[in-house]
Amino acid sequence: MSNVLVLAEQSRGTLRKATLSAVTAARELAHRTGGKVTALVLGCGAGAAADELAAHGVTVRLADAPALAHPLAEAHAPVVAEAAKVVGASWVVAPATAYGKDVLPRAAVALGAAVATEVLAIAGAGAEILLRRPMWAGNVIAEVELRTEVKAFTVRPTEFPPAGRAPGGSVAPLPVTVDAATLRTRWVGLEEVKSERPELTDARVVVAGGRGTKGDFGPITGLADVLGGAVGASRAAVDAGWAPNDWQVGQTGKVVAPELYVAAGISGAIQHVAGMKGAKVIVAVNKDADAPIFQIADYGLVADLFQALPELRDRVQGA
Amino acid sequence: MAARLFKGAEYLVTDATKDDVFTPEDFTEEQRAIADTADQFVEEEIAPVRDRLEHQEAGVAVALMRKAGDAGLLMIDAPEAYGGLALDKATSMLAAERMGAGGSFSVAYAAHTGIGTLPLVYYGTDAQKDRYLGKLLTGEWSAAYCLTEPEAGSDALGGRATATLTPDGKHYLLDGTKQFITNGSFADLFTVFARVDRKHFTAFLVERTTPGVTVGPEEKKLGIKGSSTTSVIFEGAKVPVENVLGEIGKGHKIAFNVLNVGRFKLGAAVTGAAKHAFKAGAAYANARRQFGVPIARFGAIQEKLADLTTGIFASESIVYRLAGLIDDRLATIPKDTSGYYEAYQQGIEEYAIECAIAKVFCSEVLADVVDEVVQIHGGYGFIQEYPAEKYYRDERINRIFEGTNEINRLLVPGTILRRALKGELPLQRETMKAMEALMTPSPDELDPALPFAAERAVLGGLKRTFLVVAGAAVQRHREALKDEQEALLALADVAIQIFAMESVLLRAERISPRLPESRRADVAAAVKGHTFGAVEKIATAARRAAFYVAEGDTLTVLLGGIRRFTKYDATGLLEAKRRLAAAALEAERYPF
Amino acid sequence: MPLKLLVTVKRVEDPESKIRPTPDGSGIVTDGVSYKMNPFDEIAVEEALRLKEAHGGEVVVASIGGEKATTELRAALAMGADRGVLVRHEGALDPGIVSAILARVVAEERPDLVVMGKQAIDDDQNQTGQMLAARLAWPQATFASKKESLESDAEQRKRPGLTVAADGRRLEVVREVDGGVETLDLALPAVVTVDLRLNKPRFASLPGIMKAKKKELREIAAASLGVDLAPTVVVRRLFEPPRRQAGVRVGDVAELWSKLHAEAKVL
C-alpha cells in the first residue's frame, strides 16, 4: 500500500496552479513506490476546481461542505487525514504554498506522519525514498528519509513541471464529518494584494534600466508590469533624472535579491552589481557585447533593449 | 582576575604570563549580550539616519542619544545609586568598541559617556549627581567637556578662561571662549575649566541655559561631519558655587585623569571603527573583478588584508589587556568608602602610560586600515558612492583629539622616567641587567618545541632594547632628556610596540589551547605577522634613538645590541599572511 | 484581561555566518560559525512582550537544547520575558518530536496563547507550530503579520499586531497568504506562528541584560517527559546546492524565453 494523496489547493472554484506541480511530484513518487495517485479538493462549491484537476488525468475526491468554505487548517486538516485513510495513502503530498504549509503538518499529526518541507527532488525507490530539500536558506541541500508509516511532504512548485492535460481523470465525493459549528477558528476576510508594483526589495522579479534606455523607461516598465515585478534603475539613469531616486539599485541604492533580475541597457559597473548580485537568475540585455554585466549574467542577450524587451513582454503575455 | 596585579609600565621590566591578561575571548555571556545590543544599536538606530546625521539635521543626534539612553548604553560607568550599572571597564570598552562602528555618532557617544559624564561621576558631590547624573544616564541631557581654548590646545592648562566670585559669594562669573567642543550644539551640561582669580585651575558644571552662555556655529570639518563641534562662549556666565566640581585649584587633576579614560575609550572606539572599515575592504576585494578574477586572489590585496588583520588583532589585545589591568586594580578598592573615587582615580592614573599607548597604537592602526581600504577600492575608494572615502576622512581626527599622538607619545617615556626617578619602577636595576646582557653574549635558551618560543625569545630582547637605549638617553641628557623630543618619540615607539607585541603574544598563549586546530593556526599566523612587523619597527625606532643620544663606542655598542636583541626568525611569514587573508576573505570581515 | 503567553526560542546558526556542508556531508562546518536566537523567534518574543504590555500577564520563554541554549533564553529574558524553561536535550530533533515536547510544556504552563516563529532558519521546516496546535487540538494561525508597514506609526508606538478581544477570549490575527492578507478570529487558547513583517523586535537594553541574570530559568530533562525521542526525519547527507552555472549567451528573445521558462524556471 504505497498510494499517494495529493492535497489540492483551490480558491472560489479555481484550481491553484501549484497543485499541478504537486501532482507531478506525486506521480514521480508513485512511479517509484508502485502506488496510485489520488487528489483531494476541499471547499464549498469547489466542483469546478475538482473537474479542472480531473481534466489533467487525476483521480479526484471532492470534499465539499460549508465547513470547508474557507481554507482553515482546523477544518481542512482532519479531512485530509481522513481522506488519506480512505484512499490507503502512505504518502501525502501538498504544494509548498501558504495553504499547503499551513494544513499539511496539522494533518500529519493525526496520521502520525513525519513531514519534509519544500521538497526539490525525489530520489530512491520502493521503501527507500529520499527527499531533497533546502536547509539554511538554501545554502545546503539535505537528503532526508522519513521514518514513519505514513509520510508527508510539501513540494516546491518551481522544481516540478505542472502536470499536463490528460484523459482518464474522475471526480468522486468524499463524505465530510466536520461541523462548522464546532470550529474555533472563524474566517474574517481576505484582502488581496493590489496589482500595483511590488516593493523593489521584496519583488520576485525586478526589471532594471540604465544608460541604454536613453531616458525611455517604457520597455522596462512594460515588461515589469506583465511579470508583476518591480522597476529598478542604475545610478546613471537616476542621476540623469530618468528614474526616481527610490528605483536605484546598487551600492548607494537598494540591495535586491529577486528570483529574476533583468538588467537592460545597464553596463554593470561594480556599484550596480553590489545591489543585485544576490538575484537568483540574472538576465542581461545590452547592445554592447563587451559590457561587464555579461560576466555575471546567467543569460546574456546582445540586443537592442527597445526591440528585445517588448518581444519578451509579448511572449510572457502569450504564455 | 589576573594571577598577578601588574603596575603601570611594569610590563617593561617584568614578563607577564598568559594568566595575567584579560582578552576579548574572556568575555562573559552578559558582556557578549551587551556587545550585541551595541551592534544592533549601530545597525538599527544609527545606520538608517546616517545621512541625516551627516548633514547635521536638527534633533537627530539628540534623538539618538535618548535612544542610547533607553538601551542603557549611557549607564555603564555610573554607580547604581544614580541609575547606573556600575559595570567594569572591560564592558565599557566593549560597548565603546562596538559603538565605534557608528561613525560620527560614536564620537558624540564617546564624548558624552567619557569626558562628558565621567568628571561628574568621579568628582561630583552627591547633590551634583542627584541633580545631573540621572539625566545624563538616560540621555535626557547630553554632556560636553570644555577644556580647549583658541590659545590652549596641547598646552591644555594654558587657557585664559576665568572665574570670578561674585561679591555675595554665591556665584562665579565665567568668562572665556572654549573651542572644538564635541556635542557643543546640543549639550545641556558642560564641564568647563577656568581659573579662579586667574590662578586656580578649576572645573565647573555649567548648564546650557545659564545666561551668558552662547554656543558658536558648527565648525566645517574634514571628517566626522555628523558630530557637533562648536565653540562655547562664556560672558559673565553666572554659575552657582555649588557647581564647582571637585576642589578649587584642582581642576588639572580632573582634566587629565578624565583624559586617561578618554584616551583608553578612544582606543576601543577606533578599534571598532577599524573592524567596520575592514569589512568594507574585504567585501570589495571579493566583489571586484579585474583581469577576469576577483582582486581578492591577488597577493597584493591579500597582504594588505593580512597586515590590517594583525593590526586590529593587536589593537584588541591592547585594549582588553588594559581593561583587565584597570579592572583588577579597581576591584581591590573597597566600595562604599568615602575615598572610593579618589582611590579609583589613582587606580586609573596608574595606567596613564598604557592609556596613552592604547590611544596612539589603535588610532594609527585605524589610519592604516582606512588608508588601505581606500587603496583596495582603487578609484572607487576616492568617490563618495563607496563608504571608504568617508572612513578615510572620519579617521583623521583620532590622531589629533584627546591629546595629539605626539603629546601622548611624549607622555609614555616621560612618565616612565619620572616613575623610575621616584623609585616606583626599577628601571635602573633592569637597565643594568640589560647592559650586562649586552656585554656578555649569552645564548638565549629556548625550547623550540614550546609554542611561540621564537616570539617569547625576541620579546625579552625587545625589552632589553628599550632598557639599554633608554639608559643611554638618560646617561647622555640626564634631566634635560625631557626636552629631547625626537629621542623621546623614538623611545615611545619602542615602548608602544613592545606593549602591543607582548599583548598579542599573551593573548595567543592564553586562547590557543582552547581553540580548534584551524583557528589556532590563524592565531599563530597573526602572532607571526604581528611580531615580524613589531620587531622591525622597534629595531628602526631604537636605532633612531641610538643615533640621537649616542656617539662613538657607546653608539657602536648600542647598535650591536639592538641588532642582537631584535633578531626574529619569521620563517613561514608568507604562508602566515596568506592564511590570515584567506580567513578574512572567507568571513568577509575581520576574522577574529 | 491578563494573558499568559508562552514563546518558543531556538538557538540557530547566525544567518550572517557562512553555512556549508562538511566534505563527508554528515553535517555543517561549525568552525567560525556563531549562534543566535532564531530571527522569527525574536519577532515572536517581541509580539508577546507587546501583548503583555498592552494587557498585562506573563511571558514565559521555552527552548529545547543543550546547555548553550540558555544563552538564547537569557537573550529573550533580557528583552523582557519573565522566566524561562529549558528542556535539556543534545542534538537535533524533528518538528514532530519538538511539538510533542512542547505539548508537555504547554500542559504544565497552561498558557492562553503560544507564539512561535513560523520556522527556524536552520532546518527551515515550518511545521512545529502547526503540529503543536494539532496535538493540543487548539486553533492555529500561521504566518501572522499586519497590514501596517514596519515604518508605520503603530509600529513606532510598539502596538501589538495581534488583537485580543475585550473579553480576553478571542484573538484576531492578520496572516500572510499567497496573494494577500487573510484575517482569522481564533478562540483562545491558540497557537500563532509569526512572519517577518509582524514587528521589528526590540534589542535587549543593558539593564534588561543585567536583570535577566536573576530571572528564573528552569530546566527539565527531555527524557523525563515520556516523549519518544527517536528521530522520524533523518538527514542522510548534506551537500552544497549546484553552483551557479557559468553564464550563457542566448541568440535571441525566443531562446531567452525558453531558458527562463524551462531551465531557470523563473517565468
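Author: Two residues are in contact if their C-beta atoms, placed from the backbone, lie within 7 Å. Among contacts in chain B between residues at least 6 apart in sequence, 78% join residues at least 24 apart. This is a predicted model, in which local features need pLDDT of at least 70 and side-chain atom pairs count only at pLDDT 80 or more, while totals for chains, interfaces and linings use all residues. Residues are numbered from 1 along each chain as its sequence is written, and chains are lettered from A and ligands numbered from 1 in the order in which they are written.

Reader: How many residues of chain B are in contact with chain C, and which helices of chain B supply at least two residues of that side?

Author: Helices (H or I, at least four residues) and strands (E, at least two) are DSSP runs, numbered from the N terminus. Here 20 residues of chain B are in contact with 15 residues of chain C. On the side of chain B that touches chain C, at least two residues each come from α1 (29-46), α17 (517-549) and α19 (573-587) of chain B, and α1(B) gives the largest share, eight residues.

Reader: What is the strand order of the open sheet of six strands?

Author: Two strands pair if DSSP finds at least two bridges between them. The order in this sheet is β15(A)-β14(A)-β16(A)-β17(A)-β18(A)-β14(C), with parallel pairing. Because β15 (230-233) of chain A and β14 (248-250) of chain C stand at the edges, each with a single partner strand, one side of each is left without a neighbour in the sheet. Strand β18 (residues 299-302) of chain A pairs with β14(C) in the parallel sense over three bridges, and Leu301(A) stands opposite Val250(C) in β14(C).

Reader: Are the faces of strand β1 of chain B buried or exposed?

Author: In a regular strand the side chains alternate between the two faces of the sheet. A residue is buried if 20 or more other C-beta atoms lie within 10 Å of its own, exposed if 12 or fewer, and partly exposed in between, with C-beta atoms placed from the backbone. In β1 (residues 143-146) of chain B, Ala143(B) and Tyr145(B) on one side and Ala144(B) and Cys146(B) on the other are all buried. Strand β1(B) runs parallel to β4 (residues 189-196) of chain B, joined by four bridges, and Tyr145(B) stands opposite Thr191(B) in β4(B). Of the 592 residues of chain B, 55% count as buried.
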